[in-house]
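I opened a new page for this one and wanted to get my bearings before anything else. Here is what I looked up, in the order I went.

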Amino acid sequence: MNHLSVQFKGVSKKYTHFALENIDLELPTGSIMGFIGANGAGKSTTIRILMGLVHQDQGSVQVLGHPMPSDQAAAKLDIGFVSEDMRLYGPATLAWHMDFLRPIYPRWDQSYADKLVQRFDLKPQQKIKGLSHGQRVKAALLLALARRPRLLVLDEPTTGLDPVARHEVLQELMAVLADEDRTILFSSHNTLDVEQISDQITFIDRGRIIDSDNKEAFLDRWRRLRLLLPPDTVLPRLPGVVEVGGSGRLPVLTTNRFEPAMVSACNDLGATVQAVDTMTLEEIFVANVHCRRERLTA
Amino acid sequence: MHSDILISQSDGRPMYLQIMEQIKQRVAVGEWAPGEEIPSIRQLAVSLSVSVITVKRAYLELEREGVILTQQGKGSIVAPNPNLAPRLFHEEFSEHLEQVARLGDLLGLSSDEIAHRTKEASNRLIEARYTKETL
């Protein structure tokens with residue numbers, strides 16, 4: 001069995017005002033990838049290419065061993081997809097939707113669907129048009145989960161949810177991962193959600209992947225060093241430092257390749273290292289985007 | 001058995017360290033006995049809603065410290081003689097001490113004053129623990 005559920009190689013797609021360029025992406029089976037980017041960064045376009053809804057100009061896409069878009073019909077039987085712009089049928093109830101999908105998907109699990117109705121606090125007889133935004137998201141997610149797909153692709157699943165609903169959704173996503181053969185890709189601009197449940201993290205900005213790694217490595221590599229310099233010293237450029245902030249005598253270095261030797265290197269330059277701070281995923285994302293954009297305009 | 005491990009997002013420390021600390025406490029108070037089987041990485045990840053890779057890292061570090069043993073394909077157990085003198089806590093402790101020294105210096109405290117204040121803090125902790133126990 002293929003150990004990668006998703007593999008993009010050199011994928012590009014050009015539009016008049018936007019281009020996705022040379023996307024490489026690998027998602028190991030049995031893990032969760034959080035796909036982070038600002039609005040308009042290319043998250044949804046990438047996901048649509050993954051689903052075969054948009055065809056790439058160049059590069060190859062393999063999903064669960066199927067080449068996309070050519071083999072999309074077979075692939076889609078095993079993919080559960082939920083996106084914001086996907087509409088359920090307003091005049092019908094959740095129960096109607098379940099009855100509609102059950103015969104289409106051979107692995108549909110009604111007892112799991114019933115359990116999710118309880119856990120998500122939904123009413124099967126209520127019409128979709130009477131549901132709140134959060135209930136609609138949970139209903140769509142239920143319909144995707146109950147098919148027991150091998151790959152779940154979720155475009156912004158937690159956006160606009162209240163804290164309780166967010167919590168329920170994250171918990172249910174993790175429950176899927178109890179099975180080692182299931183895989184999840186979800187996009188978000190909420191770094192807190194991604195930080196909590198993701199194994200793999202990918203940052204996208206302006207149509208390019210700017211960083212992709214396992215979460216622990218990400219959090220380990222990035223640090224902020226707060227220094228105190230003696231008067232009239234200028235700090236030379238240090239390798240691995242992506243940003244220098246702070247003030248003249250109190251510079252703050254941001255690095256994406258931290259190692260303890262950096263502290264001694266600073267000491268050797270006469271600086272006092274006052275603190276080595278860890279960074280949250282959000283800070284890492286923002287610093288990453290900044291330094292990448294600066295390099296492009298420089 | 002393990003659902004009461006609590007991960008705090010406002011705790012500044014990485015999640016894997018929080019998981020390690022709580023497992024150690026569990027072993028220290030005997031809730032998880034030496035030789036006892038503990039949840040698999042995936043089970044614990046699901047019950048905490050925390051990524052598999054984070055729990056894996058906590059288990060790897062715990063194994064390196066001699067708190068747990070992991071057998072390939074067989075799951076993990078608490079080590080027969082769990083070593084609870086934690087290397088990482090020592091490192092963290094030293095880091096905090098350096099911060100104390102630096103802030104003390106900024107405030108113009110003498111090293112005797114810094115030592116005195118540290119002792120006071122330690123006494124307060126013991127008192128608080130004592131009151132809790134007698135309640």
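This is a predicted model: local features need pLDDT of at least 70, side-chain atom pairs count only at pLDDT 80 or more; totals for chains, interfaces and linings use all residues.

**Where the chains meet**

I began at the interface of chain A and chain B, where I found 13 residue pairs in polar contact, both residues at pLDDT 80 or more. A polar contact here is a pair of N or O atoms within 3.5 Å; within protein, one must be able to donate a hydrogen and the other to accept it, and residues adjacent in sequence count only if both atoms are side-chain atoms.

I looked up which elements of chain A carry that side: helix 6 (163-176), helix 7 (191-197), helix 8 (215-221) and strand 14 (272-278) each supply at least two residues of the side that touches chain B. Helices (H or I, at least four residues) and strands (E, at least two) are DSSP runs, numbered from the N terminus. I sorted the side of chain A that touches chain B by class and got eight nonpolar, seven polar and seven charged residues. For that sorting, Ala, Val, Leu, Ile, Met, Phe, Trp, Tyr, Cys and Pro count as nonpolar, Asp, Glu, Lys and Arg as charged, and the others, Gly among them, as polar.

Residues are numbered from 1 along each chain as its sequence is written, chains are lettered from A and ligands numbered from 1 in the order in which they are written, and side-chain values use heavy atoms, with hydrogens and water left out.

How many residues does each chain bring to the contact? I get 22 from chain A and 17 from chain B, with contact meaning heavy atoms within 4.5 Å. The two chains bury about 1600 Å² between them, 50% of it on carbon and sulfur atoms.

B:Arg57 forms a salt bridge with A:Asp220, with the closest N and O atoms 3.0 Å apart. The term stands for a side-chain nitrogen of Lys or Arg within 4 Å of a carboxyl oxygen of Asp or Glu.

**Chain A and the cores**

Chain A comes to 10 helices and 14 strands, and its C-alpha trace spans about 75 × 40 × 40 Å along its principal axes. Of its 298 residues, 51% count as buried. Buried means under 20% relative accessible area, exposed over 50%, partly exposed in between (1.4 Å probe, protein chains only).

Next I went inside. The largest nonpolar core has 75 residues, and A:Leu142, A:Ile184, A:Phe203 and B:Ile23 have the most contacts inside it. Helix 5 (residues 133-145) of chain A gives the most to this core, with eight residues. A second, separate core of 26 residues includes A:Val11, A:Ala41, A:Ile79 and A:Ile204. A nonpolar core is a set of buried Ala, Val, Leu, Ile, Met, Phe, Trp, Tyr and Cys residues joined through side-chain atoms within 4.5 Å.

**Salt bridges inside chain A**

Side chains of opposite charge can pair when their charged atoms come close.

A:Glu172 forms one with A:Arg119, the closest N and O atoms being 2.6 Å apart. A:Glu172 lies in helix 6 and A:Arg119 in helix 4 (residues 110-119) of chain A, so the pair ties together parts that are 53 residues apart in sequence. Buried or partly exposed? A:Glu172 is buried at 5% relative accessible area, whereas A:Arg119 is partly exposed at 40%.

A:Lys13 forms a salt bridge with A:Asp57, at 3.6 Å between the closest N and O atoms. A:Lys13 is buried, at 14% relative accessible area, and A:Asp57 is partly exposed, at 46%.

**Last entry: A:Arg148**

A:Arg148 sits in the loop between helix 5 and strand 7 (151-155) of chain A. A:Arg148 is partly exposed, with a relative accessible area of 28%. Leaving aside neighbours within four places in sequence, A:Arg148 is in contact with A:Arg107, A:Asp109, A:Tyr112 and A:Arg182.

Notes: Buried area is the accessible area (1.4 Å probe) that two parts lose on being put together, summed over both.
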